[in-house]
Amino acid sequence: MGRAVTTTDPSPTPARPSLRLARERFLSGEPLPGGVPEEVVAAWRRARFFGVPHDLNAPAACAERPAESALLTAARPVLDRIVPALDADALLVLTDERLRVLWTAGRVPGVAPCPVLAEQEVGHNSAALALRTRRRAEVHGPEHFLDRWQDVSAVSVPVLSPDSGQVLGTLTVAAHLCATRAPHPRAALAEAAAAAIETELRARSGRAEQALLDAYLRASRGRDRAVAALDGHSRLINEAAQRLLTPEVLDALERTAVHARRAEVSGPAEEPEGPSGRTTASGTGPSPLPVPVALPMSTPTPTPTPTPTPLPLPLPLPEGAGCTAQVTPLRLDGTVVGIVAVLEPLGDQAPVVPDPPAAAVALTGSSLPWRHAVGRAVELARSPEPLLLAGERGTGKSALARELLGPGPVQEADAAQDPGLEHALRARQTGRPLLLRHAERLAQPGVAALNSLLDARPDTPLLVTYTPGAPAGPCLQRLLDMLSARTVTLPPLRERAEDLRELLPALAPRPAPGRPPLTWTLDALRALEQYPWPGNVTELAHVVRALAEHRRMSGPVRRAELPDAVREGPAARPLSPMEHAERTTILEALRRHGGNKARAAAALGIGRATLYRKLRGYRG
């Protein structure tokens, strides 16, 4: 799988007694001896910051297990094959992306199972480290914060989504404290199991999407039949359905799809232990549809495999919907993977669908990476503790932060203008949320003041944006470590190119009265989707606004109207800064001379053969 190894202490066992002593001194508040790895000390400090007692027997509050887990469904056949070969003194653990334990097998004598491995609940551990670093991670003995894990060595590997690359969960193998140098002796087992689970996820993902598409095409047969197929992630809606769907009905369909999938996989929280000591957490039981409106269910004519089967949920339509719906769940291998809805107008006329309000750009996008990041940020923002939004420049950190903070009064500070935070902290009003932008520009006094504020008031309503770049200094790194468990990284635009068509209308300024909105030819859209957008959404917004304000042509935007770099597409290979500057200059010269290479070469003072050679070189 090519995963890099992340270990917190690659030293051999003889060095561990000093680390054990250092931990005891840390717990008693005494000065630490020299040579203790800084990342281990930072992990212990985070545990103390979260209020985790070192003698904890079990988490204070058991995390609610997910009602739906595609990860567990895909992982179960892989794990069942591994269990018979598991050593007698080893423990195998699967968690989701919130480090809630979904499945365990085996046991380590003297170590009781734990329902959650989140760092804020149980302190430093390999699963939390693997989730944060997206790499294989090992934690040995006294590197753990809890007393109960002082004689345990563990290796964890993140399980990544084959579609989005997001971390879906972790796989951990734990055993008694290793007597050998890293890597962990069972690291290969963890790597192989995670790779097999990802392969299974990839296979299932493709089959579910194909099943949804096939069911949609079958249901769409017939003149003017209004059909929508949804799985909670994707939508397939034909033109007839678009004329009927109001935003309220579409929202109800989305929630019905999610509820149908959750209701299918919901079951008892735990199954009895089998002979291998295996326990499965399959989630909480089904709950009522968590929306004020939903659609009535009925059973259409059965279709070939995969076969939608009836799941009657007779719930009222939203008032004024103007249509009825026959909604049927779609099954694949006995599991509900989506729904198919056939819509019928009430009476002779279809409802008038009002123009929806413009969506906030900060929330625009339906790709899996973006929805996962925004969903995680919204979830974390519900509690008053600090939250860190990280990502490349232009990914929308500040815009999303303002959406999360809501319409109430907010104090905003920009470290680019106030690196020491003298003005911001002097004007600080207790209880009012603080939005700190550009944390990477903080000076040491500002970082120290912020760390002191969080030490004294760890529940301070604080939202920080951070753009990784130059290595962080020790003070800033301490702040990042403190916020690591409440950090959300926003994906760059190149990793969610499918969101671009949703972003274009959201970024375009409102057209003048009598003028049509900005539209795009397919060729222009392909160019926009292929461009890597190093400036992310901010760069895209500049391009869209410039075209909307300065173009003199009518009709859809054509590829020829796009900026040179976007129109020509990315280079076929990575370019050096000098090559990038050369390529930009040549493209600009070609644009000025209408694509005539001879004139462009003459204007640049180079031979035509040299121009051709350089263009071929940029194409790899």
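Predicted model: local features only at pLDDT ≥ 70, side-chain atom pairs only at ≥ 80, totals over all residues.
Local features were taken at pLDDT of at least 70 and side-chain atom pairs only at pLDDT 80 or more, whereas totals for chains, interfaces and linings use all residues. Residues are numbered from 1 along each chain as its sequence is written, and side-chain values use heavy atoms, with hydrogens and water left out.

A salt bridge was assigned where a side-chain nitrogen of Lys or Arg lies within 4 Å of a carboxyl oxygen of Asp or Glu. The model holds 25 salt bridges by this rule.

One of them joins the side chains of R23 and D147, at 2.4 Å from N to O. The partners are 124 residues apart. R23 belongs to helix 1 (residues 16–28), while D147 sits in the loop between strand 4 (136–140) and strand 5 (152–160). Helices (H or I, at least four residues) and strands (E, at least two) are DSSP runs, numbered from the N terminus. R23 is buried, at 6% relative accessible area. D147 is partly exposed, at 32%. Here buried means under 20% relative accessible area, exposed over 50%, and partly exposed in between (1.4 Å probe, protein chains only).

A second pair, E138 and R136, forms a salt bridge at 3.4 Å, N to O. Both residues are buried.

R486 and E385 also pair through their side chains, at 3.9 Å from N to O. R486 lies in the loop between helix 13 (474–482) and strand 16 (487–489), and E385 in the loop between helix 9 (368–381) and strand 12 (387–390), so the bridge ties together parts 101 residues apart in sequence. R486 is buried, at 13% relative accessible area. E385 is partly exposed, at 34%.

Salt bridges also link R46, E119, R132 and D481 in a network.
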